[in-house]
Amino acid sequence: MLRMDDFSVVVAKNYAEAAAAWSPEAMYVAGGTDLLPNLKHRLFHPKTLIHIGGIPGEIVEEEGTIHIGAGAKLSYLASHPLLLQKLPPLATAAGLVAGPQLRNMGTLGGNILLDTRCLYYNQTEFWRKSLGYCLKAEGTWCHVVGGPKTCVATQSSDTVPVLLCLDATLQLLGPEGERSLKLRDLYRYNGMDHLGIGKGELLTKVVIPLPGPGFRGSYQKLRTRASIDYPQLSVAFTGCFEGDVPLSLEGVIGAINPQPKPLKGLESHLGRPLDTAAIEAIAASVYKSTRPQGSVHGDTNWRRQMAVVYTRRALQALARGE
Ligand SMILES: Cc1cc2nc3c(=O)[nH]c(=O)nc-3n(C[C@H](O)[C@H](O)[C@H](O)COP(=O)(O)OP(=O)(O)OC[C@H]3O[C@@H](n4cnc5c(N)ncnc54)[C@H](O)[C@@H]3O)c2cc1C
Ligand code: SF4
């Protein structure tokens, strides 16, 4: 049995209460589906857990944007009529996280702020100790890179590639008060410290601008077991179309390194049909720019090839009008 260290629990009724309870020895817990396994593996040692999982997360449309409370459960996102109608790829991505029980507990906020993952890190303390630990937790060496400096643990959230394509903005509440942060400015290429937010800052809401007419999107996820596993690679594409012609196009590759990877150069495919030649050109550029790290399951070369396959699938779905 994996036991957790002792800690006290503060149950917050709202985010202001949660922020007031924060101290350097505390951690926030929402659904707990990521944090509690990590505590059992003794990756963190908080003295206090501040429970924010009971704070409701509503989904509402407001002046050309959709607001989603950070506490919204993933199962709620996956089946919400507003998302199914206006942002279907986000509902798809939420519905592909883990399995049904975890989606009933797990929140959007926890998904966005998920710790990075690694084959050498998400293990019991006994297992990690037998290997001399690693740079991200108690050790001095990265077993993936084979060096003492860089951690390439993976950002593995399913909703994030789609939210990046949609240019989402985060509402944060911290000791200095409220502020907004573009999601594209949140992640850093550092598996040990991948989140660009301050200590004690809470994510309260995600704001997504509603896309224009002709919106299409696709989220593709590679994983070992379709019933529960984290992504080994993910591909999201969104765009606004007139017939088969994209007027805007965004793409993000996820689950390959500590930072999701927005694709560059897609603007050269705007204003002309997204035909086989265009799809193959984009797939070739994805191959060139995708370098999966060995921090998650699956041969890195194979995952790189699969980025091409999933890019094709996503773009073909967009071209078909899905
Ligand atoms: C078996 C298994 C399979 C999984 N598969 C997937 C998968 O396929 N895809 C995937 O994306 N995830 C997967 N997960 C991870 C997890 O279930 C989801 O990412 C979920 O959305 C996490 O949300 P949570 O509310 O449970 O987060 P928690 O575990 O409560 O928190 C996660 C982190 O975010 C912080 N946090 C949470 N909410 C806030 C907030 N509002 N403000 C500030 N900090 C906050 C916590 O302090 C913690 O550091 C899996 C987990 C398990 C156990
Ligand atoms: S990438 Fe390296 S340092 Fe980071 S968690 Fe994995 S083994 Fe540890």
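Predicted model: local features only at pLDDT ≥ 70, side-chain atom pairs only at ≥ 80, totals over all residues.
**Figure 1. Zooming in on E4 and E5.** Here we look at one pairing from that sheet: E4 and strand E5 (residues 65–69) run antiparallel and are joined by four bridges. To get your bearings, pick out Ile59 and then look across to E5, where Ile68 is its bridge partner.

**Figure 2. The three-stranded parallel sheet.** Another open sheet is built from three strands in the order E1-E3-E2, and this time the pairing is parallel. Strand E1 (8–11) and strand E2 (26–29) are the edge strands, each with pairing on one side only. For this sheet, neighbouring strands are turned by 25° against each other on average, again with direction ignored.

**Figure 3. Zooming in on E1 and E3.** Four bridges link E1 with strand E3, which covers residues 48–51, and the two pair in the parallel sense. A handy pair to find is Val11 and its bridge partner in E3, His51.

Figure 4. Where does ligand 2 sit? The answer is the largest cavity. Cysteines around ligand 2 include Cys118, Cys134, Cys142 and Cys151. Also around ligand 2 are Tyr120, Tyr121, Leu135, Lys136, His143, Val144, Val152 and Ala153. Sorted by class, the shell around ligand 2 comes out as 10 nonpolar residues, one polar and one charged.

**Figure 5. Stepping back to the chain.** The C-alpha trace spans about 60 × 45 × 35 Å along its principal axes. How does the radius of gyration fit with a compact globule? For 322 residues, such a globule would have a value near 20 Å, and the chain has 20 Å, so the two agree.

Notes:
Residues numbered from 1 in each chain as written. Chains lettered and ligands numbered in written order. Heavy atoms only, no water. Pairing = 2+ DSSP bridges. Axes fitted to C-alpha atoms, helices over the stretch in contact; angles between N-to-C directions. Near = heavy atom within 4 Å. 1 Å grid on protein atoms, 1.4 Å probe; cavity = no way out; pocket = protein on both sides within 12 Å on 5 of 7 lines; lining within 4 Å. Sits in = over half its atoms within 2 Å of the grid points. Nonpolar A, V, L, I, M, F, W, Y, C, P; charged D, E, K, R; others polar. Rg over C-alpha atoms; globule rule 2.2 N^0.38 Å.
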